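Biologist: I am new to this structure and would like to learn how to read it. Could you take me through a few of its features in turn?

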Amino acid sequence: MEIRIGVRNVAREIVLETEQSADEVRAGIDEALSKHTTISLRDDKGHTVLIPADALGYVDIGPENERRVGFGS
């Protein structure tokens, strides 16, 4: 699943592919926002992205589906 994150006062968005479910991502973001802590997301290559919750502009959570391979993708 693809996640796009906008950070305040930063022109470029953060884009990552993750194997976490949309519910896991949403729960982690909701918790970080309520506690004013850091959002921690793990991409499908094992990297971890940390974002201060107070700097969050928006989060776009893509659909949970399998990647298509070939010319039709």
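**A paired hairpin**

Modeller: Strand β3 (residues 38–42) and strand β4 (residues 48–52) pair in the antiparallel sense, over five bridges; strands here are DSSP runs of E with at least two residues, helices are runs of H or I with at least four, and both are numbered from the N terminus. Two strands are said to pair if DSSP finds at least two bridges between them. The model is a predicted one, in which local features need pLDDT of at least 70 and side-chain atom pairs count only at pLDDT 80 or more, while totals for chains, interfaces and linings use all residues. Residues are numbered from 1 along each chain as its sequence is written, and side-chain values use heavy atoms, with hydrogens and water left out.

Biologist: Which residue of β4 is the bridge partner of Ser40?

Modeller: The partner of Ser40 in β4 is Leu50. The two strands, β3 and β4, form a hairpin with five residues between them, and Gly46 in the turn has a positive phi of about 95°.

Biologist: How many helices and strands are there in the protein?

Modeller: The protein has one helix and five strands, and from the N terminus on its elements run β-β-α-β-β-β.

Biologist: Is Thr18 buried or exposed?

Modeller: The general idea is that buried means under 20% relative accessible area, exposed means over 50%, and partly exposed lies in between, with a 1.4 Å probe and protein chains only. Thr18 counts as buried because its relative accessibility is 4%, and this residue is found in the loop between β2 (14–17) and α1 (22–35).

Biologist: Which backbone atoms lie at 3.1 Å and at 2.7 Å from a polar atom of the side chain of Thr18?

Modeller: The backbone nitrogen of Gln20 lies 3.1 Å from such an atom, and the backbone oxygen of Arg42 lies 2.7 Å from one. If contact is taken as heavy atoms within 4.5 Å, then Thr18 is in contact with Met1, Ile3, Arg42, Asp43 and Asp44, leaving aside its neighbours within four places in sequence.

Biologist: What does Val7 touch, not counting residues up to four places away in sequence?

Modeller: Val7, which is found in strand β1 (residues 2–7), touches Ile14, Ile51, Ala55 and Gly57 on that count. Val7 is buried, because its relative accessible area is 18%. Val7 and Pro52 are 45 residues apart in sequence, yet 9.1 Å apart in space, C-alpha to C-alpha.

Notes: Polar contact = N/O pair within 3.5 Å; in protein donor to acceptor, adjacent residues only side chain to side chain.
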